[in-house]
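I am opening the notebook on this model and will write down what I looked up, item by item.

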Amino acid sequence: MPQQPRLLQGNQAIVEGALYAGARFYAGYPITPSSEIAEECARLLPRVGGVYLQMEDEIASIAAVIGASLAGAKAFTATSGPGFSLMQENLGLAVMGEVPCVIINVQRSGPSTGLATKPAQADVMQLRWGRHGDQCLIALSPASVKECFYLTVTAFNFAEKYRVPVVIGADEIVAHMRENFTVPAPGEVEVIERKKPTGPPENYLPFAPEEDGIAPLAAYGSPYIFHLTSSMHGPDGYSNNDPANAAWRVAQLHRKIERYRDEIVLTQSFEAEEAEVLIITFGATTRAARAAAKQARARGIKAGVLQLVTLWPFPDKEVAALGERANTVIVPEMNYAGQVAGEVQRVLGPAKDLRRVNKYNGEVLTPAEILQAMA
Amino acid sequence: MATLEELSTRRELLAQGHRLCAGCGAPIAVRQVLLALPPEAHAVVCCPTGCLEVSTTIYPYTSWRCSYIHNAFENAAATLSGVQAMYTALKRKGKINEDFRFVAFGGDGGTYDIGFQSLSGAMERGHRLIYVCYDNEAYMNTGIQRSGATPRGAWTTTSPVGHVRTGKHEGRKDLTAIMAEHHVVYAAQAAISHWRDTVAKAEKAWEYAKEGPVFLNILAPCHRGWRFPMEKTIEIARLAVRTRFWPLYEVEKGEWRLTVNVANPLPVAEWLKMQGRFAHLFRGKGNEEVLAAIQADVDRQWSELMARCRSAVPA
């Protein structure tokens with residue numbers, strides 16, 4: 001049956017994307033503005049033979065997701081700021097144990113409970129640095145319902161391919177807006193499956209990278225018996241306190257991401273090649289930025305937009321390429337400190353004319369506010 | 001206990017003008033507990049996130065005429081533990097002379113599930129505080145998702161009803177008994193329909209909280225989540241007791257005692273039928289097993305409770 005266009009909410013599109021990517025396990029705990037993801041999963045997952053579990057809190061949710069992933073499932077959870085904070089310890093385990101999983105963080109205003117129903121983009125640094133220790137993961141940020149779908153598929157692909165947790169840093173605006181969207185037919189969008197071991201089970205080393213830099217991952221329940229611990233471990237998965245091993249492990253967690261950095265870092269540019277005024281943006285603010293650039297061009301200002309689709313690893317190269325060419329760079333974002341602006345300044349240097357537009361009152365940034373920064 | 005006339009003259013610590021729904025059971029439970037506070041004592045109230053917290057603290061107002069602290073879902077009992085422990089230390093040193101009492105009001109979400117760890121810790125450490133759960137059997141504040149208190153068979157947005165699923169598949173946690181098994185000084189189960197019983201239990205609670213931890217579990221129906229006409233809140237609560245779905249009892253220093261006997265119970269279906277969240281169980285055929293399982297839950301719970309109640313059953 002041909003797919004029909006549907007008026008989908010961002011949160012629904014995320015669920016559609018997850019199902020498309022083959023996700024068959026969701027464990028979560030309701031929290032505004034992400035609850036529709038849980039509700040959709042409760043409704044849709046059982047129909048495709050999947051599992052929906054409502055857990056007693058967010059700690060339990062991400063722990064169950066890690067467990068299910070190790071049992072071979074594509075697994076995910078969704079939450080917002082307070083819940084994402086509770087997930088940090090287990091996210092560290094997912095990094096350390098190289099467990100593929102997807103976490104949706106629909107950002108809302110904080111700190112703490114904050115404005116529970118209002119949007120923010122203030123978790124950018126938490127996405128990257130929220131948990132302790134030497135660790136890294138991948139974070140993506142959608143700006144539309146369509147991107148909610150495609151980036152969720154991409155998130156699963158990255159998670160499965162690189163054995164890493166992938167966080168989608170959405171926000172209340174994209175999560176709750178509705179747009180027309182047609183779910184693509186099966187096969188139209190690439191779906192990546194995790195690499196499984198092929199050799200004799202007794203030789204299986206769950207943390208020994210192959211030539212591609214990634215170790216194959218067996219499933220509990222398969223003939224490949226393996227050991228996973230949150231403690232420092234060697235290629236065999238057993239605890240290992242040797243300094244040389246620890247250095248190798250920590251480096252490995254980073255190097256696999258660094259090696260595939262160009263595949264992982266996604267950006268979109270809009271009239272940015274010749275821009276004298278470059279707006280660097282992400283998430284829902286992209287929409288205001290594009291409108292502002294359009295209005296600026298109508299007034300004769302050569303303005304363009306660089307949208308950071310991947311937030312982490314940070315798109316240094318892409319920011320440098322377009323940012324160095326522009327006279328002025330504007331970074332609008334819905335947080336006080338300029339979490340992305342700080343990264344952009346790091347890339348372009350302190351001499352760059354970088355203008356921050358920060359809004360942190362729970363309201364959406366408008367094109368007019370971005371235009372003002374061009375004056 | 002205080003007479004109704006006396007109670008009516010006491011200053012309400014939860015002021016009118018809050019934004020809880022008309023017909024909401026939660027503020028009725030809170031007021032029945034707070035009215036039993038000795039007038040000379042001060043209260044410190046702690047609420048985890050939930051309908052009660054959100055709706056009584058709408059910007060820029062508050063309904064609380066007393067010290068009040070809010071923390072996120074999982075933290076109320078731990079937060080109040082800190083307040084009470086420091087108060088006790090200061091009191092011991094003679095730096096505070098006033099009589100303060102400590103009470104947390106959480107919904108079943110913040111109590112049965114995410115807040116369970118901090119609640120259990122506070123009860124085990126023996127903090128001198130009251131934890132009151134206003135139990136409306138689902139996460140109403142975030143949009144009617146199932147909780148550990150949701151009964152078998154109930155529809156919620158995360159225990160949907162369809163061709164295969166018939167609402168929640170699992171039974172509910174018996175949290176009052178679990179708290180009693182922490183060997184707290186006083187634990188009781190109450191319902192807003194039985195105000196005299198609830199106020200009597202609350203009076204004991206305030207008194208016992210001077211010695212150690214107290215837990216009250218008060219059934220507070222939610223017409224939005226249970227799907228019944230808003231004027232029927234009290235009736236629904238009363239029927240939960242009349243069907244033995246929600247027995248009223250107390251555990252006083254280890255002594256289990258039924259406080260309201262239900263000699264001739266109505267079938268639990270009479271209570272279920274009044275609520276839209278169970279409507280699917282009465283549409284067509286094929287749900288007899290679920291209905292029988294709910295009745296079996298009720299019967300088992302009652303007989304277990306009877307076995308624990310050594311004292312005479314009141315008339």
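I began with B:Cys46, which stands opposite B:Ile69 of strand β2(B). These positions belong to a predicted model, in which I took local features at pLDDT of at least 70 and side-chain atom pairs only at pLDDT 80 or more, while totals for chains, interfaces and linings use all residues. Residues are numbered from 1 along each chain as its sequence is written, chains are lettered from A and ligands numbered from 1 in the order in which they are written, and side-chain values use heavy atoms, with hydrogens and water left out.

I then looked at the two strands themselves: β1 (residues 42-48) and β2 (residues 67-71) of chain B pair in the parallel sense over five bridges, where pairing requires that DSSP finds at least two bridges between the strands. Helices (H or I, at least four residues) and strands (E, at least two) are DSSP runs, numbered from the N terminus. From β1(B) the chain passes through helix α3 (residues 51-56) of chain B to β2(B), in a β-α-β crossover that is right-handed, that is, clockwise from the first strand over the helix to the second with the strands pointing away from the viewer.

Next I turned to the interface. Chain A brings 17 residues and chain B 16 residues to the contact (heavy atoms within 4.5 Å). The two chains bury about 1200 Å² between them, 58% of it on carbon and sulfur atoms; this is the accessible area (1.4 Å probe) lost on being put together, summed over both parts. A:Tyr29, A:Glu39 and A:Gln54 supply 39% of the area that chain A buries against chain B, more than any other three residues.

For polar pairs across this interface I noted five residue pairs in polar contact, both residues at pLDDT 80 or more (N or O atoms within 3.5 Å, one able to donate a hydrogen and the other to accept it, with residues adjacent in sequence counted only if both atoms are side-chain atoms). On the side of chain A that touches chain B, α2(A) gives the most, with five residues.

Last, I checked the backbone. A cis peptide bond joins A:Thr32 and A:Pro33, with omega about 0°, and A:Pro33 sits in the loop between β2 (25-28) and α2 of chain A.
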